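Good morning, and thank you for coming. Please have the sequence and the structure before you.

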Amino acid sequence: MTRPTTVGMLYPGYAAEDDYPRLVARLGPDVALPLVHTTDTNVAHTVDDLLAVGQPAELAAGWRRLVPERPDAVMWACTSGSFVFGWDGAAEQARALAETAGVPASSTSIAFVNACHAVGARRVSVAATYPEEIAATFVEFLAAGGLEVVAFGSAGILLAGDVGTLGEEAVLELAAGGDHPEADAVLLPDTALHSVAWLDALEERVGKPVLTANQVTAWEGLRLAGHPADASGLGSLFRTASAAQRRS
C-alpha cells in the first residue's frame with residue numbers, strides 16, 4: 001500500500017482541531033494530517049500570549065511529538081501566532097521550523113497569502129474573530145504580502161476556545177458581514193474557527209471565494225509536500241488552485 005502524503009499539524013490549544021479529520025475525509029486515503037496540540041491552554045488573542053505560543057522552542061517541542069508520523073511537511077496551524085511576528089518574523093519562524101524538522105514548513109498566515117495569490121485574489125476583505133488590535137495586525141501582514149485589504153471587521157472574541165463554539169449560521173453571517181463589493185475573496189482567519197464542513201455554503205452565501213484558516217493550512221502543507229490535492233466540498237481553493245498546480 002502506498003504511504004499517504006503526510007502533513008504534520010502543530011495546533012495550539014483546543015477549539016476546531018476536528019476540522020482536520022473532516023479535511024482528510026474529503027481529501028481521501030492518500031492524505032494524512034496528524035495533529036499535535038502545542039499547548040493545553042485556552043489561548044488568548046493578545047499580543048503577549050500569541051508571541052509566547054509561537055516561540056521556536058514551543059514549535060520544536062511539538063515537532064518532536066510528530067516525528068513518528070514521518071511528515072513530508074509541517075505546518076504551524078495558527079494564524080495569529082504567526083502574523084503577530086510580522087512579515088519577516090513569520091518567515092523566520094517557518095524557516096526555523098523547517099530547519100528543526102528537516103522538511104518544508106510554513107504557517108497559516110503565510111498560507112493565507114499564498115492561497116490568495118493562487119486563486120487570483122488581489123483585493124480581499126477580512127472577517128476576523130479577533131479583537132480589533134489583533135485583526136489590524138493581520139491586515140498589515142496581508143499588505144506586506146502584496147494584498148490590498150478593502151475592508152476588515154473584528155468580532156472581538158478574546159479566547160480561542162470561545163471561537164470554537166461558533167456554529168454554522170454564525171460563521172456564515174461572519175463571512176457575509178465581512179464581505180465587500182470590491183473584494184475578490186473573503187478571508188476568515190483563526191484556526192480556532194470551524195469552517196471545513198461549510199466551505200461550499202460560505203462561498204454560496206457571499207458569491208466569491210472564501211478562504212478559511214484550517215482550509216488554507218491543509219492546502220499549503222500539501223502544496224509544500226508536492227501533493228496537489230483536488231477535492232469537492234472544500235471551496236474554490238481546492239478546485240482551482242490545485243488544478244492549476246497539476247497543470248504547471
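This is a predicted model: local features need pLDDT of at least 70, side-chain atom pairs count only at pLDDT 80 or more; totals for chains, interfaces and linings use all residues.

Residues are numbered from 1 along each chain as its sequence is written, and side-chain values use heavy atoms, with hydrogens and water left out.

Let us begin with α3, which covers residues 56-66. The helices (H or I, at least four residues) and strands (E, at least two) that I name are DSSP runs, numbered from the N terminus. Which residues of α3 are buried? They are Leu59, Ala60, Gly62, Trp63 and Leu66, where buried means under 20% relative accessible area, exposed means over 50%, and partly exposed lies in between, with a 1.4 Å probe and protein chains only. The buried residues of α3 pack against β1 (5-12), β3 (35-39), α2 (47-53), β4 and α5 (86-101), and contact here means heavy atoms within 4.5 Å.

Arg70 is not a glycine, yet it has a positive phi of about 50 degrees. Is Arg70 buried or exposed? Its relative accessibility is 55%, so Arg70 counts as exposed.

We turn next to α5. This helix has 16 residues and reaches 22 Å from its first C-alpha to its last, close to the 22 Å expected at 1.5 Å a residue. The expected span is 1.5 Å times one less than the number of residues. The buried residues of α5 are Ala90, Gln93, Ala94, Ala96, Leu97 and Ala101. Seen down the axis, they fall within an arc of 160 degrees, so they line one face of the helix. The face turned away from that buried side carries the exposed residues Asp88 and Glu99. Following α5 is Gly102, whose phi is positive, near 75 degrees.

Thr38 belongs to strand β3 and, at 13% relative accessibility, counts as buried. Leaving aside neighbours within four places in sequence, Thr38 is in contact with Leu10, Tyr11, Pro12, Glu58, Gly62 and Trp76.

Leu50 is part of helix α2, and its relative accessible area is 0%, so Leu50 is buried. Not counting residues up to four places away in sequence, Leu50 touches residues including Val43, Ser80, Phe85 and Ile134.

Ala135 lies in helix α7, residues 132-144. Ala135 is buried too, with a relative accessible area of 0%. Ala135 and Ser154 are 19 residues apart in sequence and 6.3 Å apart in space, C-alpha to C-alpha. With neighbours within four places left aside, Ser154 is among the contacts of Ala135, together with Ala128, Tyr130 and Phe152.

Finally, the cavity. Rolling a probe the size of a water molecule over the atoms shows where empty space is left. On a 1 Å grid over the protein atoms alone, a cavity is a set of points where a 1.4 Å probe fits but cannot get out, and lining residues have an atom within 4 Å of a point. Grid points are joined across faces, edges and corners, and a volume is the space filled by probe spheres set on the points. How many cavities of 30 Å³ or more does this rule give? The count comes to one, and about 90 Å³ of space lies in the largest cavity. Of the 13 residues that line the largest cavity, the closest to its centre are Pro12, Cys78, Ala160, Asp190 and Thr191.

Asp190 lies in the loop between β8 (185-188) and α10 (199-206). Asp190 is buried, with a relative accessible area of 5%, and has a positive phi of about 100 degrees although it is not a glycine.

Notes
The arc is that of the directions from the helix axis to the C-beta atoms. On a 1 Å grid over the protein atoms alone, a cavity is a set of points where a 1.4 Å probe fits but cannot get out, and a pocket is an open set with protein on both sides within 12 Å along at least five of seven lines; lining residues have an atom within 4 Å of a point.
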